[in-house]
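Sequence and structure come first.

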Amino acid sequence: MALAASAVVSPAHADRVRHEVPPWTEPNDLPLSSWMRSIVTTRGEPAIFSVPGKLDTRRGTMLPNARLPLYGAKRGANCSGRWLLVGPLAWVCSDVADPSPEPAWSAKDRERWASAPTNDGLPFRYYLVGQNGAFGYEDPARAEDDAPAQEYEAGFIVAGAEERAVGGARWIRTPRRRWIALRELSPISPAGFHGEKIADEARAVDVAWVVADNAKVRRGARATEAVVGTRPRLTRVLWKEERAAAGGAMVRISEDGASPEEWMLARDLAHPTPSERPTDVAADERWIDVDLATQTLVAYVGNHPVYATLVSTGRPNKGDVETATPKGAHRIWVKLTTTTMDNLEREDADRRYSIEDVPYVQFFDKGVALHGAFWHKDFGRVHSHGCVNLAPIDAEWLFNWTGPHLPAGWSAVFPTVLEPGTMVRVR
């Protein structure tokens, strides 16, 4: 029976009904017990499929030890047990998961997989391997007796999901369950920079960021006017008015009617340029615009900007155009909470690098992605190997804003017909 249009079901009531009604099963099949509220992974990161038994319908993956809601079960190919329904178009084989009476993870359960909630957009603490390299062990208590399980070269970056004192020394555990002595690592402090939400009624972006070092502020709209101060790089300023002037265009950064006025050289600032909505994006649809010329990113809903920030895109290397961020419009084809980025398979690389657990990764053009970058503070300038680098806080915000949505307890998600990937245009 359909609910009347005016009917209201509270979240608490809906949750109670879901847990009082046992998960469904197919007719004539062994029913699932009513105590089964969720499923928990038994090994690795199990794959989630949109069609049970069809391994070419990959939908996503589960986080290790995650608990996902259990709604039903059915028999199917490629699973010796039963396929378990854990969400819309989301099935997991019971061979890699067990039922649990515990509630499924909620959207507030970030700390279940991250080292600790933070204010900098990072799910873990990150460390740079020292000049002598480092070793990773399966058991830090046996580090003196066992051979290392993994070796890390100088300059590699690892994540710490846990820190513990063992044998008089401090150790960190990586998400891949390797223990590394902290004395072999140096902590990395991310940039405190982040972008800005745009007012709902705004039709244009009226903020900019300083991209020159200690840029001068003048009291008038000419480069010869007296200097009244400076602004350090990455400082947010207003972009209220632009005027042509000898020596370079000037921008008023003071509020309308303020006296005295404050002006800066336009070339010392990064300001997003207006952009028209792509023709294949609906009038109320979310999409992202990346401007290579200004090294800025703007998130839009239809024609309205809602968020703006600085980025670092690919640096074209002489004879190696692969590192330039390609122009074009593409939809996000997979989102991952973290992934490893390296060049270890490239024999022609001048320098080897490996960054484990790069956070909030959204691939949109083959191997090109939006992702958090905590290892540099070069936002507003080209820097990357081709991807669009974001400050961690911006990367987390965009990851939660774009489609497809990543349910709690998932480590990766692919788009579906119900929730396509958000459009990302690079120009």
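E162 has R173 in β15 as its bridge partner. The model is predicted: local features need pLDDT of at least 70, side-chain atom pairs count only at pLDDT 80 or more, and totals for chains, interfaces and linings use all residues. Residues are numbered from 1 along each chain as its sequence is written, and side-chain values use heavy atoms, with hydrogens and water left out.

**The sheet.** Five bridges join β14 to β15, and the two run antiparallel. Strands here are DSSP runs of E with at least two residues, helices are runs of H or I with at least four, and both are numbered from the N terminus. Two strands pair if DSSP finds at least two bridges between them. The open sheet has three strands in the order β14-β15-β16, with antiparallel pairing. β14 and β16 are the edge strands, each pairing on one side only.

| Strand | Residues |
|---|---|
| β14 | 162–166 |
| β15 | 169–173 |
| β16 | 179–181 |

**The loop residue.** K327 lies in the loop between β29 (304–310) and β30 (328–331). K327 counts as exposed because its relative accessibility is 63%. The classes are buried under 20% relative accessible area, exposed over 50% and partly exposed in between (1.4 Å probe, protein chains only). Beyond its neighbours within four places in sequence, K327 contacts L292, V426 and R427; contact means heavy atoms within 4.5 Å. V426 is 99 residues from K327 along the chain, yet their C-alpha atoms are 4.8 Å apart.

**The helix.** α2 (residues 392–401) is mostly covered, with seven of its ten residues buried. Among them are L398, F399 and W401.
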